[in-house]
Amino acid sequence: MNIRDIDHIVLTVTDIARSLRFYHEVFDLPIVTFDGDRQAVLVGKQKINFQTVAEPHTPVAAKPTPGSADLCLIAKDSIDDIQHHLKSYFVDIVEGPVERTGAHGKLTSLYVRDPDNNLIEISNYK
């Protein structure tokens, strides 16, 4: 196999509209509509799809659970600018700034939680 990218991930959430609003407003990710009425947010060349436990999109993971995701988003902004932006949206920073290692080297990261308590790491490469 010659797999080189991730196309999308699916987050199981309690309220799709609330999640869309959070990811669009706080992270400035554009909302896209697909398959008729489903909505997602674009993250670079990838997207984040949303589903609820009550209405999953088959096939589905064995245990789709809100709040079980832990993912990292890469920003081009400085960590200071990201902190200021998050505070302006009243988003609590769980941890950071801290040094981490990403797929392509050293990162500086901040951690926040989305409305379903998924852990979202916001990082930039040094």
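## Rings, core and salt bridges in a predicted model

The charged end of K47 is placed over the ring of F34, 3.3 Å from the ring centre; a charge sits over a ring if NZ of Lys or CZ of Arg is within 6 Å of the ring centre and within 35 degrees of the ring normal. This is a predicted model, in which local features need pLDDT of at least 70 and side-chain atom pairs count only at pLDDT 80 or more, while totals for chains, interfaces and linings use all residues. Residues are numbered from 1 along each chain as its sequence is written, and side-chain values use heavy atoms, with hydrogens and water left out.

**Aromatic rings**

Let's turn to the rings. There are 4 aromatic pairs in the structure. Rings of Phe, Tyr and Trp (its six-membered ring) pair if their centres lie within 6.5 Å, and planes under 30 degrees apart count as stacked, over 60 as edge-to-face and the rest as tilted. F22 and Y23 make an edge-to-face pair, because their ring centres are 5.4 Å apart and their planes stand at 80°. Y23 also forms a tilted pair with F50, at 5.5 Å centre to centre and 55° between the planes. Helices (H or I, at least four residues) and strands (E, at least two) are DSSP runs, numbered from the N terminus. One aromatic cluster takes in F22, Y23, F27 and F50.

F22 is buried at 12%, Y23 is buried at 0% and F50 is buried at 2%.

**The nonpolar core**

A nonpolar core is a set of buried Ala, Val, Leu, Ile, Met, Phe, Trp, Tyr and Cys residues joined through side-chain atoms within 4.5 Å. The largest one has 23 residues, and those touching the most other members are L11, Y23, F27, F50, L86, I120 and I122. At least two core residues come from each of β1 (8-13), α1, β4, β5 (70-74), α2 (79-88), β7 (105-113) and β8 (119-125). Helix α1 gives the most, with 5 residues. Beyond its neighbours within four places in sequence, Y23 has contacts (heavy atoms within 4.5 Å) that include L11, V41, I48, F50 and I120.

**Salt bridges**

The whole structure holds 2 salt bridges, each a side-chain nitrogen of Lys or Arg within 4 Å of a carboxyl oxygen of Asp or Glu.

| Salt bridge | N to O distance |
|---|---|
| R18 and D116 | 3.4 Å |
| E95 and R100 | 3.0 Å |

R18 lies in helix α1 and D116 in the loop between β7 and β8, so their bridge ties together parts that are 98 residues apart in sequence. R18 is partly exposed at 29%, whereas D116 is buried at 7%.

Strands pair if DSSP finds at least two bridges between them. Strand β2 (residues 31-34) runs antiparallel to strand β3 (residues 38-43) over 4 bridges, with I31 opposite V41. These two strands form a hairpin with 3 residues between them, and D35 in the turn has a positive phi of about 50°.

Strands β3 and β4 pair in the antiparallel sense over 4 bridges, and V43 has Q46 as its bridge partner in β4. Their hairpin leaves 2 residues between the strands, with G44 in the turn at a positive phi of about 65°.

How values were computed: Buried < 20%, exposed > 50% of the residue type's maximum accessible area, 1.4 Å probe, protein only.
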